[in-house]
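Subject: Structure handover

Hello,

Here is the structure for you to look over. My notes on what turned up follow below it.

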Amino acid sequence: MKIMVYDLLDYEKTVLKKLEQELEIEFRCSTENFLPENIALAAGCDAVSIMGYSRVTAQMLKTLKEMGIVHLSTRTVGFDNIDIKAAEKTGIHVSNARYMPANVADFTVMLMLMLLRKVKISVCRSLVNDFSLDGLKGREMRSLTIGIIGTGKIGFTVIQNLSGFGCKIIAFDKYKNKAVEEYATYVELDELYAQSDIISLHMPLTDDNYHMINKDTIAKMKDGVVLVNTARGGLIDSEALIHALEKEKISGAGIDTIEEEDGVMHVDIGAQILDKRSLLYLKQFPNVVFTQHYAFFTEEATESMVRCGILSLKYGLEGAENPYEVTRSN
């Protein structure tokens, strides 16, 4: 069994070496993104594995099929970089990766606390020996109502984490989870917007929820609301968020992912001139904690993603049940 691995990162090499011995798989590796220009690197391989940096088009999927490759995995949870409809039509089986939800859930609560206690301002001041307290008065979590949109594994774990703070927790999801109701109360989305002091997003990006946080939905929120996004950048209209921050409708934002991050996140851009105005403007706000889409980035999660990405291909090639496949049977 031979697998072509694109987008190889340094931290993945050790895990692949283990898997090579454990699963008796031969890997052909490249640090390059998966592109039409280098798709020939996969010639003679049984399957292909990529990361989220690679955009997989219908034509690339067609080329894979012509090469006799019908199994593709991404070593990430998100798979919106792959044309899934085209994959199903072409007969390509696509799989994603999984990890335990604690990493993103813990990171989410950390962002909430940093924003409530104005940590960014405090740290920046201390670096220049300014130890004043002006403007640093914060709020306590126990006094607030936290609204969680999306109660899947990560959203549920965030709710469990928050339950120890003594705050009121409300939640919205199209599909209710009985276990959530032990800690939170399900409400309609407009009610969540109106009641929440902090709103945190935890859902995949779909056509239906693209820019769900926009000027109209922000208008429904409390004045001074705090917004946290550790899910998908496209859930928020960046221009609407900027306007709300400028007007102080939103008093703080924790942004680990942003729509304009393509080509920038996980890269040292140095002195390059960028056309990412929303991204560059957002990060300068004193009440915005902006991080490089790394809520997931722990030792445990990175190993899990590589393992899932490779195991899913092995399952597919062997005709075994594949719990990681995201395409419908084809």
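Start at Tyr 11: its relative accessibility is 29%, so this residue counts as partly exposed. Buried means under 20% relative accessible area, exposed means over 50%, and partly exposed is in between, with a 1.4 Å probe and protein chains only.

Some ground rules. This is a predicted model, where local features need pLDDT of at least 70 and side-chain atom pairs count only at pLDDT 80 or more, while totals for chains, interfaces and linings use all residues. Residues are numbered from 1 along each chain as its sequence is written, and side-chain values use heavy atoms, leaving out hydrogens and water.

**Aromatic pairs**

Rings of Phe, Tyr and Trp (its six-membered ring) pair if their centres lie within 6.5 Å; planes under 30 degrees apart are stacked, over 60 edge-to-face, and the rest tilted. The count by this rule is 7 aromatic pairs. In one of them, Tyr 11 and Phe 297 have ring centres 5.1 Å apart and planes at 65°, so the pair is edge-to-face. Tyr 11 sits in the loop between β1 (2–5) and α1 (13–23), and Phe 297 in the loop between β12 (288–290) and α11 (299–318), so this pair ties together parts 286 residues apart in sequence. Helices (H or I, at least four residues) and strands (E, at least two) are DSSP runs, numbered from the N terminus.

Phe 297 is partly exposed, at 43% relative accessible area. Phe 297 also pairs edge-to-face with Phe 296, at 5.7 Å centre to centre and 65° between the planes. Phe 296 counts as buried, at 14%.

**Salt bridges**

Side chains of opposite charge can pair when their charged atoms come close. The cut-off here is a side-chain nitrogen of Lys or Arg within 4 Å of a carboxyl oxygen of Asp or Glu. The whole structure has 16 salt bridges.

- Asp 10 and Lys 13 meet at 3.2 Å, N to O. Asp 10 is exposed at 61%. Lys 13 is partly exposed at 43%.
- Arg 142 and Glu 140 meet at 2.6 Å, N to O. Arg 142 is exposed at 55%. Glu 140 is partly exposed at 44%.
- Asp 197 and Lys 222 have their closest N and O atoms 3.0 Å apart. This pair links distant parts of the chain, 25 residues apart: Asp 197 is in the loop between α7 (189–195) and β9 (198–201), and Lys 222 is in the loop between α8 (215–219) and β10 (225–229). Asp 197 is buried at 12%. Lys 222 is partly exposed at 31%.

There is also a network of salt bridges. Its members are Lys 18, Glu 22, Glu 303 and Arg 307.

**Thr 257**

Is Thr 257 buried or exposed? Thr 257 is buried, with a relative accessible area of 3%. Its place is the loop between β11 (250–255) and α10 (277–282).

The Thr 257 side chain reaches the backbone nitrogen of Gly 233 at 3.2 Å.

Leaving aside residues up to four places away in sequence, Thr 257 touches Asn 229, Thr 230, Ala 231, Arg 232, Gly 233 and His 293. Contact means heavy atoms within 4.5 Å.

**Positive phi**

Most residues other than glycine have a negative phi. Asp 7 has a positive phi, near 60°. Asp 7 lies in the loop between β1 and α1 and is buried at 2%. His 211 also has a positive phi, about 55°. His 211 lies in the loop between β9 and α8 and is buried at 19%.

**Surface patch**

Val 123, Leu 127 and Val 128 form a nonpolar surface patch, with about 320 Å² of accessible area together. Patches take residues with over 30% relative accessible area and no salt bridge; like charges are joined within 9 Å, and nonpolar side chains (Val, Leu, Ile, Met, Phe, Trp, Tyr) within 5 Å. Areas come from the Shrake-Rupley method with a 1.4 Å probe; for residues, only the protein chains shown count as cover. Val 123 is in helix α5 (residues 119–127) and is partly exposed at 43%.

Best wishes

Conventions:
Polar contact = N/O pair within 3.5 Å; in protein donor to acceptor, adjacent residues only side chain to side chain.
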